[in-house]
Amino acid sequence: MNRLATIRKANAIISALLMLAFLAHGIGNGLLMVGIVEHPNPGLAHLLEGLCWIHLAIGVYLTIKSLRAQRESGASYPAENKRYLAIRISGLAIGGLMLAHMIGFGHMDSPAGFGPVMLVINICLVIAIAVHVICNVRPHLMSLGLSLEGAPPAQIALGVLLAFFLLAFVLLFLQIGVR
């Protein structure tokens with residue numbers, strides 16, 4: 001297996017771990033926000049952040065490699081380029097929104113501080129993650145050498161799961177109210 005294929009496979013594995021850490025982070029901190037859990041788990045947040053940095057570094061490297069290969073070959077695939085751009089733009093959006101999320105929740109004294117700005121930031125974050133994840137299912141399945149037949153069901157399942165996260169932020173906002 002060539003080096004680039006190995007990096008793509010590693011990125012797909014890191015992406016799966018990233019999604020699992022994201023789900024655990026969302027569920028754990030959702031329980032914290034509604035008062036079921038008394039203390040946050042900063043280790044999980046740091047794991048999620050670390051995986052994000054690794055994924056970002058690999059993504060930047062692979063993007064540079066792809067742009068160089070495209071320039072050298074002169075080949076253009078318009079349909080795939082739309083997905084490619086959606087992945088890159090949503091990745092950039094995730095980076096900025098994740099930073100705002102970390103700053104916002106890091107400086108929040110209590111769940112009552114969850115106001116409309118945090119709601120908008122978190123809704124946008126979940127939407128950006130949904131676009132990024134759903135658009136990346138096929139490439140990651142390919143990187144892992146798996147059948148693409150599983151892509152549509154996986155995309156639907158991940159979309160529904162992320163829609164639940166979106167709904168959870170809205171319900172939390174409605175429950176806690178504006179500060």
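Two aromatic rings of Phe, Tyr or Trp are taken as a pair if their centres lie within 6.5 Å. In this predicted model, one aromatic pair is counted by that rule. The ring centres of F22 and F165 are 5.2 Å apart and their planes meet at 25 degrees, so the pair is stacked, planes under 30 degrees apart being counted in that class. The pair joins distant parts of the chain, with F22 in helix α1 (residues 3-33) and F165 in helix α5 (residues 151-176), 143 residues apart. Both F22 and F165 are buried. Another ring, that of Y84, has the charged end of R88 over it, 4.1 Å from the ring centre.

Helix α2 comprises 32 residues (residues 42-73). The N-terminal end of α2 is capped by N41, a side-chain oxygen of which lies 3.2 Å from the backbone nitrogen of G43. After α2 comes G74, which has a positive phi, near 75 degrees. Within α2, the buried residues are L44, L48, L51, C52, H55, I58, L62 and T63.

Helix α3 (residues 78-106) contains S90. The relative accessibility of S90 is 6%, and S90 therefore counts as buried, the limit for this class being under 20%. From S90, the side chain reaches the backbone oxygen of A86 at 2.7 Å. When neighbours within four places in sequence are left aside, S90 is in contact with A128, V131 and H132.

Key: Residues numbered from 1 in each chain as written. Predicted model: local features only at pLDDT ≥ 70, side-chain atom pairs only at ≥ 80, totals over all residues. Heavy atoms only, no water. Helix = DSSP H or I, 4+ residues; strand = E, 2+ residues; numbered from the N terminus. Expected span 1.5 Å × (residues − 1). Buried < 20%, exposed > 50% of the residue type's maximum accessible area, 1.4 Å probe, protein only. Polar contact = N/O pair within 3.5 Å; in protein donor to acceptor, adjacent residues only side chain to side chain. Phe/Tyr/Trp six-rings, centres within 6.5 Å; stacked < 30°, edge-to-face > 60°. Lys NZ or Arg CZ within 6 Å of the ring centre and 35° of its normal. Contact = heavy atoms within 4.5 Å.
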